[in-house]
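Hi,

Here is the structure I promised to pass on. Have a look at it first, and then read my notes below.

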Amino acid sequence: MDKLYVKDLIPHRNSMLLLDEIYNIEKNYAEGLYKIRGNEFFLDGHYPTKKIVPGAILCEIMAQLAAAFVGYTRKIDGMPILAEIKNAKFKKLVLPEETMVIKMNVIKDSFRVLRADCAVYVEDTLAACAELTIAIK
């Protein structure tokens, strides 16, 4: 699923739509990717002499994959929003020109609330992980 299809699943647009592609969605699992181009707005002032992707953006991209999973697996009125971040850990700096692989596994799914273990990898190395809760509002 390319970025155009992702737009059908989540409300994000323009500079805040981060997922380039979702290439695997199963019953309790999803994978997507995003390539850091180097010109993103969030890199401008975040360590400008050695640009790195902020942890908040890593959490956001994990949340976008989880929200897209919600949009794909059910048809429901409402908007998927990030409701909780637990146990976020940042293990590796993510730099321009790197491609992030984002993965999520469902922990609990109660139709209007999804809890998932999420992770970001760069070249098979864990860069960030967190347990996220997405709610339909």
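Let's start with a term: two residues are in contact, or touch, when they have heavy atoms within 4.5 Å of each other. By that rule, and leaving out residues up to four places away in sequence, Met 62 touches Ile 102, Cys 118, Ala 119, Val 120, Ala 128, Cys 129, Ala 130 and Leu 132.

Before going on, a word on where this comes from: it's a predicted model, where local features need pLDDT of at least 70 and side-chain atom pairs count only at pLDDT 80 or more, while totals for chains, interfaces and linings use all residues. Numbering runs from 1 along each chain as its sequence is written, and side-chain values use heavy atoms, with hydrogens and water left out.

Now the core. A nonpolar core is a set of buried Ala, Val, Leu, Ile, Met, Phe, Trp, Tyr and Cys residues joined through side-chain atoms within 4.5 Å, and buried means under 20% relative accessible area (1.4 Å probe, protein chains only). The largest one has 42 residues, and Met 62 is among those that touch the most other members, along with Met 100, Ile 102, Met 104, Leu 114 and Val 120. Helix α2 (55-73) supplies the largest share of this core, twelve residues.

Helices and strands here are DSSP runs numbered from the N terminus (H or I, at least four residues, for helices; E, at least two, for strands). Two strands pair if DSSP finds at least two bridges between them.

Which strands does β6 pair with? Glu 84 sits opposite Thr 133, and Tyr 121 sits opposite Leu 126. Strand β6 itself (residues 125-136) is mostly covered, with ten of its twelve residues buried. In the β5–β6 hairpin, two residues lie between the strands, and Glu 123 has a positive phi near 50°.

On to β4: it joins β5 in the antiparallel sense over nine bridges, with Asn 105 partnered by Asp 117. Seven bridges also link β4 to β2, again antiparallel, and Gly 32 stands opposite Ile 102 there. In the hairpin of β4 and β5, with three residues between the strands, Phe 111 takes a positive phi near 70°.

Key
Buried < 20%, exposed > 50% of the residue type's maximum accessible area, 1.4 Å probe, protein only.
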